[in-house]
Amino acid sequence: MLFSSCSKNWVDTKPNGNPSTANLWDGETNVEKGINGLYVSMAYENTWGRNLFWMQNASDDLIVGRPKADGENIKNFVCTGHEGYMAGAWNDLYGTLTKANEAISGLQNAKNISSDLKNRSLGEAYFMRGFVHFWIAYLWGHKDQGVPYDGVENAEYGKRIPPQLKSVTDNYTQIASDMQKAADLLPLFSAYSSADQGRAHKAAALGYLVKTYAYWAQYDAGKWALIPAICDRIKNECGRALITGQATPADNYKAVFKIANNWSPEYIWSVNSGTLGGSEFMGVVLENTGWGLYNGWGYFQPTEELYDEYEATDPRREATILNFGDQFTYFGQSRNYYSTNSLSGFQINKYMEPYSYGTNGNSGTNPNINQNGDYPTTSLNLPLMRYAEILLFKAEALIMQGKNADAAVPLNEVRARVGLAPVAVPTMADLKHERRCELACEWTDRCMDLKRWGDVEVINAPLHGRSHKVKTHPFSGSDPVQVWPARSYSPTKIAWPINPDVISSSNGVYKQTPGW
Amino acid sequence: MNKLFMGLFLLAFALRGMAQTNPNTATGVIRNENGEGLEGAVVRLLNSANGFNQSTSSNDKGIFTFTKVPVGGGYQFIITHVGYAGDTLTGYEMKENGRISLSVILQNKNTSLDRVVVIGYGSMRKKDLSAAVSEVPNMDQIKERPVVNVENMIQGQVAGVTVVADGGHPDKAPSVVIRGKGSRGDENVLYVVDGVPNAPYNPADVVSITVLKDAASAAIYGAFSGSAGVILITTRQARATKDGPSVDYTAFAGAKTAWRLPQSLTADKTAQVANLAAKKAGQQPLDGWDATKNPYDQVTRTDWIHSIFRTGLVHRHTIAVNSGTDKFSTLFEGRYEDNEGTLLNTYNKNISGRMNANYVFSPHVKFKQDVFVNNNDNRGTATDNGYSGTILSGIYMPRSATVYYSDGSFGGVGPIGSQYNGIHGDAINPVATLLRNQPYNKRTDIQSISELKVTNIIPGLSFVTRFSYKSVNWLYKDFEPKRPEPGKPNNQNTLTYKTDREHYWIWENTANYEHRFGRHSLGAMASTTSQEDWHMGFTASGKTIDNEATWAQFFVNAADFSGMQPTDYETKDRNVSYVGRLSYSWADRYFLTGSYRYDIAGRLAAGYRGKGLPGVTAAWKISSEPFFNVAPVDLLKIRASWGRIGNLGSIGLYYGYLTLKLDNSYQVGNGSPYSPALYMENAVTPSLSWETSEQKDLGLDVSLLGERLNFTFDYFDKLTYDLIQQQFTNWPNTMGIGAPLVNQGKIRNTGFEFSGSWRGKAGRVDYEVGGNLATLKNRVDYIDGNAKSVWTFTDAWRGTLVPFQSVVGQPYYSYWLVKTAGIFQTQKEVDDYVGPTGSKIQPGARPGDLKFVDQNKDGKITDADKVYMGSSAPKFTYGFTANVRYHGFDLSVFMQGVSGVKLFHAFKESTLNGAEQGYNRWDKILDAWSTTNTHSNIPIISANDPNNNFQTASDWYLEDGGYLRVKSLIIGYTFPRFIKKSSLRVYISGDNLFTFTKYSGMDPEVGGNGLDGGQFPVSRVYSGGVKISL
C-alpha cells in the first residue's frame, strides 16, 4: 500500500512551459494575452481573409473569378452548408464568441490589474462577443429561427448546447446590449497609443450598434428611430469624420484606401494587417498569379452592372474598379490594366495601393506585402466599417422614417466628398445607389442589402462583363458578354444554411435554417 | 546410478502389487533419454492371432499396464508419444498367470511442437500454449526479401494481422492492425524486442517474431499494449563457437520501380479540354488556350510523371562476428542500409553497430549486455496533399512547361513574363519540390540493455533484473528556398531548426517460480516495472535570407525573425506497473493461466491514474487423454481465453493539468505586430481513462501425420470500449471550445482465423506449403445510446469531399455516400427524374451529369440521401506460401491478398473534373461522357458543375480495393561445400511482381482509411542477395 502510494507520487510529473488556466486573468500581462485571444480569428482566411466574403459575393456586384465549385454553389444559392467556406467561418466565429464569454466571466474576478485595464478589457470582450455574434446572426439568422447563442450570464451556460434563439431579432437584442455595454466601457480611439491601435474602441461599438439596428429594422421598423442619435455620437463624441481636403475629390476617396490612412478619422473598424499577418483579402482579389510577379488569387471580380451603376463623373468608379487600360503602379512600375484571367474583364482596385511599393517590378523589394504568397497580407488594413457607412445608415434611417429631406445632409456629405452634386430630397433609390457606389467591393455586404430591401429581381438578373478582343492588350476593344447566368434566389433563402454536421452533432437540438 | 536403483525399486514394487491382484498382466515403464518416466505415451498391445487389440497410456511415472491379457504368443507393443520417435516391440508371449514386463527408452524427436515460443514475460512450449499466439512462419525466406522493416516482413504471414503499406514511401512503415481497428485514435502495436518495449534493433537480426493476438496473452503488457496488441521480437544473440570466431556477411541489393503510373494530358489536349469545358459551361474560353494567340502552351515539352519517378536502389549489408565459450561469448555487428524511394530524392538510410555479450559467472548466474547504436537519415515527400502533393503536381503541371528554364533555374507553369500563365492555376513544379527538399534530418538511437539472471535460488525460482536505457538525439535543419517560378510562387525563404532529445529507461524485476509435483505443474511470475520517457527540444525559424548558397543558410544571415515564435518543451512521462501470472497444468492435459497487470500512469489526472487489466486462458490437450487414441493425431488441443488490454497512447501527456494554448494575434498595435495570445483550447474531462479492449478467443490446434500437417483455427470477439474521442454528439461547434475527450463508444471486431501448413517430401524434393486466411467483421457497437447518433470524421479531400461517417452496426470509418445511378444520357431523362411534387430532383443536371439516387424520396439530393457503403478495412485477408528444396536449390513463392475492401478514389475529383482550376488533368478525362461517347462513366467535361458531380461525396468515387499480389519470389542456391568450413548462399528475388486488382488508382494499398488522393505504388523490386559464413 505504501509502495503503491509512493508510485503514485513518483509518476506525478508536472507540465512545463504553458501557463495553467488558473493564471489567465491574473496580472496585466496575462490579461492582455487573454484579450489578444479574442482577436486571433480576425486574421484567419476562414473569416475576414476570404471565406466570409463568399456569401457577400452572391450579390450582383461580383462574380467568382475562377472556377471554384463551392464558391459557385454559394453564389447560386444551391449550397448545402457543408461548403468549407461557410462551415469554417461559422466554426471560427463561435470559437471567438466563447473566448469572449470566458473573458467576460474571467475579468469579473481578475486580479492584479488596474480598473482602467479591467474596464477596457471588459469593453473589448463585450465588443468582440457582439461583433462575432452579429456576423453569425445576420448571415445564418432567420426571422423564425435565430442562431445558437448562450451568454456566460445565463445560469445554464456551459452546461448546455447554446440554444437556437426563437428569432434572429432575439440575437440582435443581445448584440445591441453587448454593443451598448462595450460603448460605455471602451475608451475613444484617440485615447489609444500606437501600440494599442486595433483594439476595440467606443466608435466601433456604436458603429456596430447602428448596423445591428439597421438590419433589425427589416423586422421591426421602429429600430430606425434609434439610429440617427447614435450616428451623431460617433461624429461628435468619437470624432469620426470622412477623409477630405485632398487635392481632388478623387484623391479624397483614394486616400481612404491607403496604408497611411489606416487609422484616419474615417476608420471605425478594420482587420489590422501587416506584412506578418492580418487579412489576406488584398491578395485574394489581386489578378490570378499577379501578372507573374506575385501570388494573386484572382477570386472576386466586379461586374458590368456595378461599373454601370456609377454616375459618369463619379471618381469612385475608377478608384473601385480596374478596367482595361486603367493606369496603376505595381511594384514600382507603371502598368495599364489587362487580364487574361478575369472572367468579367474587371478587377477590384480598392486595395491595390500596397502593391505600388517596391522597384523594377520585383515583389521582393516591396516592404508592404507579406512575401509568403500563401498568406498574401499587406500593410493596408481591411476596412470592415468606416464612417461613410455610418452616414449612409443615418440617411437610410431618416428616409425610412419619412424624413427624406433630413436625409439629404448625411447623404450629400458622402457625395460632396467625391465632388458629386447634392440630392435635394433623397429617396430609397438614391440611398441604394449611393450605398452601392460608396461601399462597393467592401465587406459591407451588398447581398444582405439586396435581401433586406427585398430586391429579388436584382439578385436574379444575369450578370455581365466585357470580353476583350486581345486580352493581353490594355487598350483592346471589347464586347459585352454575360458572365453569370440568371439565378433563382427567393426570399425563403434569406439566411444561409447551417453545416449539417453541426446539426447532427447537436443531437436534435438544432434545426436547419428555414428554406433549406 | 542412484536414480536408476530407485527407479528399478519403484518399478519392482509397482509390478509386484499389480501381479498380485491381476493375473495375465503386461506392464512396462517408458522413459526418455534421461531415464525419466514419460507420461502420456500411447501403448498399443496387439495380437493378430487372437484378435487382442487394446491401448492405454503411461502414467506420470511412465508406467503402463494391461490386465487380463489372453494367453498366447505373438504379442506386439506399439508405443508412440508426441515429440518422440515411436517404437515397436514384437514376439512376446503371455502364459497362464504370467506376466510380460518391459522397459523402453524413447528418443526425442525434437519436433516443431516442442519448440519454445516467446510469450510476454517468459516463454512456453508451443504445444502447451493456451492463448492465441502466432509465430511468423518462413522467417528464413522473409529475411531474404528486399524489405527493411518488420511490418513488411509480417504482411500476409499471420492470419488476423492486417498490414497496409503507406504507398511507396521509403521513410514510412506500413500500418499494422491486429484483429481489426478498435480505437478512434492512433492504435500502435507495441513491439517488444528481447523483452524491452520499443527498443530499436536491426531487422536483419530478427530471429523470431511472435504476435500476441488475443487480449489474454497481451494483457501482461496492460495499458502499454495499445488496443492493437503486442508483437514480440527476438534477435540474434552471442553464442559459444566451437572452432574460433565466425564471421557472417549477408547482403542484398535491388532495383525498385514504380508501376501502374497515370499520365497527364499532352499540351494540345489540355487546351482542347479547357476549351471544351468553357464551351459547355457557356463561358468564354480563356485566350491562353487559343492556339493562335498563345502557341507556346500547345507544345508538349515534358513528361512530368516520368520526370519525378526513377529506379531506386535498395541495399543492405550486415557483417557479424561471433565468438565465445560457454562462459563468455560476444557478438559484434555492423549494418549499412540504404532504401531509395522511387520518387526523386527520397530515401531512408540506416547505419548501425551492435555489441552483444553473455557472461556466465556460475551455472546459476548469468549476465547479458547489449548495446545498439543506430543512425537514421531519411527524406520523404508529401503525396497526400490535394493542393501540393508531388504526384498530383505531376498531373497538374502543364506539359508545355519545362522542368528547367534555359538559365538552369526551375521552370514554372510557363515562361517568365508570359501573359497566359494564369490559365494553369497554382500548379507547382514537382521536380523542384522534390529536389529543393534538402533537409539535414538525422537521428541517433543508442540502446543499452543490461540483464542479470539468477536461477535456482531455491529449486524452481529464478529472478531477472533488466535495466534498459535508450537515448535518442534528433536534429533537423531545413532551408526552404524561394519558389520564384510562376504557378504558386513563394518569395519567402525560411530556415528552420528542430531538435528532440529523448531518454527512455525501463527497469524490470521479474521473479519466476516453477514447481512440479505429481502430475501437477505450477508456475508463478511476479514483476514490477518502472519507466520514464523524457523529451526535450525546440523549434526555431528565421526568414529572408538574401543569399541562398549553402554556406549562407544560417540564422546569422536571416533578416527577419518576426512572427516566428520559437517553441520548446520538456516532458516527462512516468509509469509504474505490477505484473503477475499464475499457471497450472495437470497431466499435460489441462492448462490454466491467469494474469493481472496494474498500471499507474502519470499522464492521467490524480485519482484516475491506476487500472488493472486481467487475462485468463484455459486449454485442454485432448490428444494427451488416455481415452484418446488416434495414431495419426500428434496434437489436438482446444483452448479458450479472455482478457483485457489498454491503450495508454490514446491519451496525451499531462491530461490532468489544465494549461493554456499559446497562439497569436495581429490585431493589436500599429503595423500589425505579432502579439501572443492565451486561451483554453479544449474542455476537459478529469475522470478520463484509457481505452480498453476485451477479447474472447476460442481456438483449436491440430497436428497430424507425424506433424507434417498442422493447422490452427481461431474465433475471436474483440470489443474495444471506453473509446477515447473528442465528444461529438451534444458538442456542436457552437460550444466554441474544442470538445473534451470522453470515454465513450464501443467498436467490435469479430473474425475467424485459419492457418495451416503441410511439410512433405516427393522423391528428393522437400517442400512446404502454408496458407492463412482470416475474416474480419468490424462495426461500431455503441455510440452513446441514442440510435440517431453518428460519428463523423473530418478527413476530407480539398476541404469538400467528406466521405466518412459511422453509425451503430456499420464499420468504423464507413463510407457514407450518395448513391449514383449512372449518367443522364438525355435531357428527357433529367426532366423525367422528378420527386413526389413533380419537380425535378436534379434541376442543375444536364445530359452527361451523374444521376444521384434520391434515397429518401423527398425530391432533392441532400445528406439525407446518403447511405453507408462499407469501409476500407478488409473483410477477408489471406496469404499463401510455398517453399521447395532440391539439393542445394530452393524456391519460395509468397502471395498475399485482401478482399472486401472499398477505396475512395478522390484523385478523380482533382484530375477528371473540368471545373477544377486550370490544372492539367489525368489523360483518362479524354474518355469522359459526350454525345458520341455515351458509355463512359466519367461525367461530362465542363468548367462549371451545377449538378455537383464532383463536389458530392458519392459512390462514383468508391471502388473495390481487393487485390491479390505475388508478393515475393525467391530462388536460391546454397553451395554444399565452400572452402573448408565456410558456407555460401546466393539468391535472386522479386518483390511485388504482379498485382491483380480492379482498382483504377495507382495501387490498392493506399494506407490510412481508404481516402486515396493519388497514393503511389509499393515498389516492384528485383534483387539479389548473398550470405557468406566464414
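User: Where is Ala587(B) found in chain B?

Analyst: Ala587(B) is in the loop between strand E27 (567-586) and strand E28 (590-601) of chain B. Helices (H or I, at least four residues) and strands (E, at least two) are DSSP runs, numbered from the N terminus. A word on the source: this is a predicted model, in which local features need pLDDT of at least 70 and side-chain atom pairs count only at pLDDT 80 or more, while totals for chains, interfaces and linings use all residues. Residues are numbered from 1 along each chain as its sequence is written, chains are lettered from A and ligands numbered from 1 in the order in which they are written, and side-chain values use heavy atoms, with hydrogens and water left out.

User: What is the phi of Ala587(B), and is the residue buried or exposed?

Analyst: Its phi is near 55°, a positive value in a residue other than glycine. For burial, we go by relative accessible area: under 20% is buried, over 50% is exposed, and in between is partly exposed (1.4 Å probe, protein chains only). Ala587(B) has a relative accessible area of 3%, so it is buried.

User: What phi does Tyr121(B) have, and where is it found?

Analyst: Tyr121(B) is not a glycine, yet it has a positive phi of about 55°. You will find Tyr121(B) in the loop between strand E8 (116-119) and strand E9 (122-125) of chain B. Tyr121(B) counts as buried because its relative accessibility is 12%.

User: Now helix packing. At what angle do the axes of H10 and H15 of chain A cross?

Analyst: Here is the general idea: two packed helices are described by the angle between their axes and the distance between the axes. Axes are lines fitted to C-alpha atoms, for helices over the stretch in contact, with angles from 0 to 180 degrees between N-to-C directions. In chain A, helix H10 (residues 227-236) and helix H15 (residues 387-400) have axes that come within 9 Å and cross at roughly 155°. That makes H10(A) roughly antiparallel to H15(A). The scale is this: under 35 degrees is roughly parallel, over 145 roughly antiparallel, 65 to 115 roughly perpendicular, and the rest oblique. H10(A) passes H15(A) in a left-handed crossing; left-handed here has the near helix turned anticlockwise from the far one by less than a right angle, and right-handed has it turned clockwise.

User: How do H9(A) and H10(A) cross?

Analyst: The axes of helix H9 (residues 202-216) of chain A and H10(A) come within 9 Å, crossing at roughly 160°. H9(A) and H10(A) are therefore roughly antiparallel to each other, and their crossing is left-handed.

User: How many salt bridges does a search of the whole structure find?

Analyst: In general, side chains of opposite charge can pair when their charged atoms come close. A salt bridge is counted when a side-chain nitrogen of Lys or Arg is within 4 Å of a carboxyl oxygen of Asp or Glu. Over all chains, the search finds 89.

User: What does Lys211(A) meet in a salt bridge?

Analyst: Lys211(A) pairs with Glu389(A) at 3.0 Å, N to O. Lys211(A) lies in helix H9 and Glu389(A) in helix H15 of chain A, so the pair ties together parts that are 178 residues apart in sequence. Lys211(A) counts as buried because its relative accessibility is 3%, and Glu389(A) is buried at 0%.

User: Which residue forms a salt bridge with Arg446(A)?

Analyst: The partner is Asp61(A), with the closest N and O atoms 3.5 Å apart. Arg446(A) is in helix H18 (residues 446-453) of chain A and Asp61(A) in the loop between helix H4 (53-56) and strand E1 (62-64), 385 residues apart. Both ends are buried: Arg446(A) has a relative accessible area of 13%, and Asp61(A) a relative accessibility of 3%.

User: And in chain B, how far apart are the closest N and O atoms of Lys213(B) and Glu753(B)?

Analyst: They are 2.8 Å apart, in a salt bridge. This pair links distant parts of the chain, with Lys213(B) in the loop between strand E15 (206-212) and helix H4 (215-218), and Glu753(B) in strand E37 (residues 746-762), 540 residues apart. Lys213(B) is buried at 5% relative accessibility, and Glu753(B) is buried with a relative accessible area of 2%.

User: Last one: which residues make the nonpolar surface patch?

Analyst: Phe328(B), Tyr359(B), Phe361(B) and Leu452(B) make a patch of about 370 Å². Patches are made of residues with over 30% relative accessible area and no salt bridge, joining like charges within 9 Å and nonpolar side chains (Val, Leu, Ile, Met, Phe, Trp, Tyr) within 5 Å. Accessible areas come from the Shrake-Rupley method with a 1.4 Å probe; for residues, only the protein chains shown count as cover. Phe328(B) is in strand E19 (residues 328-340) of chain B, and it counts as partly exposed because its relative accessibility is 39%.
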